[in-house]
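I opened my notebook to look up a few things in this model.

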Amino acid sequence: MTIWVCEQIDPSGIVQACIASEDESQARACHESFTNDLDEFQTSQGWTAQLRTVKSWDEVPVTPLKLNR
């Protein structure tokens with residue numbers, strides 16, 4: 001199983017938002033939204049959005065908003 005994890009991370013490395021889905025297209029759309037939602041100030045301060053995959057729900061670092069197909 002592949003689970004797509006989209007995270008928005010603050011400058012301290014703390015996950016501020018997390019959405020996870022088994023549907024790649026949903027995850028990519030969330031990542032695009034997370035990226036576009038970061039303003040210039042946040043970006044200059046070190047906020048990031050990342051998209052990655054894990055093999056099980058146990059590997060998701062926080063309790064995410066779980067999107068079903």
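Does E24 count as buried, partly exposed or exposed, and at what relative accessibility? I looked it up in this predicted model, and E24 counts as partly exposed, at 35% relative accessibility.

Next I checked the partner of E24. The side chain of E24 meets that of R28 in a salt bridge, at 2.8 Å from N to O. Both residues belong to helix 1 (residues 24-37), where they sit 4 residues apart, about one turn of the helix. R28 is partly exposed as well, with a relative accessible area of 45%.

Then I searched the whole structure for such pairs and got 2 salt bridges. The other pair I noted is R52 with E7, whose closest N and O atoms are 3.1 Å apart.

E7 counts as buried, at 2% relative accessibility, because the cut-off for buried is under 20%. R52 is partly exposed, with a relative accessible area of 27%.

Last, I went through the confidence. The protein chain has a mean pLDDT of 90, and 90% of its residues reach 70 or more. Strand 3 (residues 48-54) has the highest confidence, at 97, while strand 4 (residues 65-67) has the lowest, at a mean of 57. A reminder to myself: where pLDDT is low, the predicted coordinates should not be read in detail.

How values were computed. Residues are numbered from 1 along each chain as its sequence is written. This is a predicted model: local features need pLDDT of at least 70, side-chain atom pairs count only at pLDDT 80 or more; totals for chains, interfaces and linings use all residues. Side-chain values use heavy atoms; hydrogens and water are left out. pLDDT is the predictor's confidence in each residue, from 0 to 100. Helices (H or I, at least four residues) and strands (E, at least two) are DSSP runs, numbered from the N terminus. A salt bridge is a side-chain nitrogen of Lys or Arg within 4 Å of a carboxyl oxygen of Asp or Glu. Buried means under 20% relative accessible area, exposed over 50%, partly exposed in between (1.4 Å probe, protein chains only).
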